[in-house]
Amino acid sequence: MERNPKNEKFILERLEGLRREQRRSASAAAGTKQTYMARARSLALGVSKTEKGRLNQRGVQPTLTGPLGKEHRFAMKALISVAIALAIALSGFGLTAAAAQSSMPNDALYGLKVWSEDLRMALTSDPEQVVDLALDLATRRAEEITALTEEGVVVPDQVRVRLELHIFEALQAFTRVQGEDVEPTMLRIQDQLRTQEQLFLRLKDGTGCEDCEPLLTQTQEMVQGRLELFQQNQGDSTMIQEQIKLQVETELQLQTNKPEDAGNTDGSMGSGNQYMGDVPADLDCSTVVEGDEYWEYCLTVTPGAGQQNGSDGNDNGGGKKP
Amino acid sequence: MSYFEKALLRRARDFNLKALEEIYDHYNQAIYRYAYRQLGDMVQAEDCVSETFARFLQAVRHGKGPQDYLQAYLYRIAHNWITDQYRRQPPPPVELVDEQPDSGQIKVEDAFDSHQENESVRKALHHLTPEQRQVILLRFVENWSLQETAAAMEKEIGAVKALQHRALETLAKVMKVKVE
């Protein structure tokens, strides 16, 4: 094979020009990283207890006190020191609020946790930041559902309702994003929904808790319904944003009309905030009929509830899936 | 493999979020550049980064992923994704600007740092096979050594050299270089 040095020199000099060219959108780059980290966090939730307890490379179970656990012991001591210093520095309420962040549904401080989340959301106005915060809160709800399900504890319905609310808030804020931020924001939401859908499918298949399954199914179907909004106009972020805007407006309108026309709902909003904390954790909407105490609540959270309970197929039947 | 890569990989296999973040911070820009230099499109290049690291996460999560040569592994994923993009588009005609030297002297000083000029180079690269393109880009655009390129392509060094030579020959034909 003969080489032609002059040819090569010409080509390599052209390639040098290619090497020097680089353009990247800072916001798109940040969006891609956020999507990656959200995906990593969600996948980390699915790491089973068996996997967490797996042996390390030397075939030894690492412990806090064993020779292979020195690194963990040091990290724990440092963490404890930092926690004590923080506790001393904080005021009573601040300490309580901070402690509430790790509380779980059914814990005494969970209400404070939820309140602080609502406060953060109320203080955030930039659409992209709202999207990120809403997705972050949705991840929190997913973590809570995962933790409770893995312990065999039936998840209170209010957790699922809040998850649905956070997703709706993310979609609503997305409709206000403009310009070159639309695409990366859309991808972040889409990735989060995909990850959550997979998570709930996995939880459903893996849980030994039969009573947990209805909520997991409902949650997975809700997430799947939202994901379909992105898959209908694949690749066209502008079209997708328009479709979502329409969907959000429709759902808001339904929410507004709900007190006047209890039957006319597709059950897709499902925020149910007015019932927060009052709904029994073991409520089975399939047994609730019109006129019962939780009839209106079930209409908002259970698609097709109106039809399930024997309403006729007229215009006010509602119950359509999103 | 550097100590840095080894340490990161070990922690990443434990699905340590901090390690996974460091991996992303360390390599995402290079993967973006690699994709952008070939595709010339910011959105596509960003998609490539997103998909590369998504596949990396899935692989690690399921106990697969790289045992060594993390950088080479990430580039392989990116390369495969970019190759798929190329397959969806037919090779465009190569429009070259000022390509015909009149006296055998090639004046290249004015031909650089021009997006249009780079577009013509990208179009020329489109005419190479995926492996030829990978060799050219890794060796002469990313400035990798033969060993690093061979690791990324999972080939012997001799095979990489042969691919490189054929790639340069093909590029010369496509770009219609006429030099004395």
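Over all chains, the count comes to 24 salt bridges, a salt bridge being a side-chain nitrogen of Lys or Arg within 4 Å of a carboxyl oxygen of Asp or Glu. The model is predicted, and local features need pLDDT of at least 70, side-chain atom pairs count only at pLDDT 80 or more, and totals for chains, interfaces and linings use all residues. Residues are numbered from 1 along each chain as its sequence is written, chains are lettered from A in the order in which they are written, and side-chain values use heavy atoms, with hydrogens and water left out.

The interface of chain B and chain A holds three of these salt bridges. In one of them, Asp25(B) pairs with Lys33(A), the closest N and O atoms being 2.8 Å apart. Asp25(B) belongs to helix α2 of chain B and Lys33(A) to helix α2 (residues 26-45) of chain A, so the pair joins two chains; helices are DSSP runs (H or I, at least four residues), numbered from the N terminus. A salt bridge also links Glu46(B) to Arg24(A), with 2.7 Å between the closest N and O atoms.

Contact, defined as heavy atoms within 4.5 Å, involves 56 residues from chain B and 40 residues from chain A. Together the two chains bury about 4600 Å², 59% of it on carbon and sulfur atoms; buried area is the accessible area (1.4 Å probe) lost by two parts on being put together, summed over both. On the side of chain B that touches chain A, α3(B) supplies the largest share, twelve residues. That side comprises 30 nonpolar, nine polar and 17 charged residues, where Ala, Val, Leu, Ile, Met, Phe, Trp, Tyr, Cys and Pro count as nonpolar, Asp, Glu, Lys and Arg as charged, and the others, Gly among them, as polar.

Axes are lines fitted to C-alpha atoms, for helices over the stretch in contact, with angles from 0 to 180 degrees between N-to-C directions.

Within chain A, the axes of helix α6 (residues 110-122) and helix α8 (residues 157-174) come within 13 Å and cross at roughly 10 degrees. This makes α6(A) roughly parallel to α8(A), as angles under 35 degrees are classed. Four nonpolar, two polar and four charged residues form the contact of α6(A) with α8(A).

How values were computed:
Angles under 35 degrees count as roughly parallel, over 145 as roughly antiparallel, 65 to 115 as roughly perpendicular and the rest as oblique.
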